[in-house]
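Please look through the structure below slowly, following the paragraphs one at a time and finding each residue as it is named.

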Amino acid sequence: ARTDHDTRKARIAGALEQLRAHRDLIAHLLMWEIGKPLKLAQDDVDRCIAGVEWYLDQIDGMMAGRAPLGVISNIASWNYPYSVLM
């Protein structure tokens, strides 16, 4: 909660760069970990990136007048394990 909004956005943008750079590796890890077919795993990673990009573009309006919540937990499902987590 002590990290300011602009720093959070910059860190998320950096994480997106890393997700793009390691897309195929992440997809293969999803294949290995949960047995997902490669094309579906790649789609999961792409959906994750697109979803985070959308939130990054929209976050200023969403956070207007609000404070960060802190740590949040999630149990990811098989069908969208990576995008739901992100």
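W54 has a relative accessible area of 45% and is therefore partly exposed, a class that lies between buried, under 20% relative accessible area, and exposed, over 50%, as judged with a 1.4 Å probe and protein chains only. Y55 is likewise partly exposed, because its relative accessibility is 49%. A search of the whole structure finds 1 aromatic pair, and it is formed by the rings of W54 and Y55, whose centres are 4.9 Å apart and whose planes stand at 85°, so the pair is edge-to-face. For such pairs, rings of Phe, Tyr and Trp (its six-membered ring) must have centres within 6.5 Å, and planes under 30 degrees apart count as stacked, over 60 as edge-to-face and the rest as tilted.

This is a predicted model, in which local features need pLDDT of at least 70 and side-chain atom pairs count only at pLDDT 80 or more, while totals for chains, interfaces and linings use all residues. Residues are numbered from 1 along each chain as its sequence is written, and side-chain values use heavy atoms, with hydrogens and water left out.

Read along the sequence, the chain follows the pattern α-α-α-α, with 4 helices and 0 strands; these are DSSP runs numbered from the N terminus, helices being H or I with at least four residues and strands E with at least two. Of the 86 residues in the chain, 21% are buried.

In soluble globular proteins, nonpolar side chains tend to be buried together. Here the largest nonpolar core has 11 residues, made up of L16, L19, I26, A27, L30, A41, V45, C48, I49, V52 and L56, where a nonpolar core is a set of buried Ala, Val, Leu, Ile, Met, Phe, Trp, Tyr and Cys residues joined through side-chain atoms within 4.5 Å. At least two residues of this core come from each of α1 (5-21), α2 (23-34) and α3 (38-63), and α3 gives the most, with 6 residues. If neighbours within four places in sequence are left aside, I49 is in contact with L16, L19 and R20, contact meaning heavy atoms within 4.5 Å.

Which residues does Q42 touch, leaving aside its neighbours within four places in sequence? They are R23, D24 and A27, and Q42, which is found in helix α3, counts as buried because its relative accessibility is 16%. W32, by contrast, lies in helix α2 and counts as exposed because its relative accessibility is 70%.
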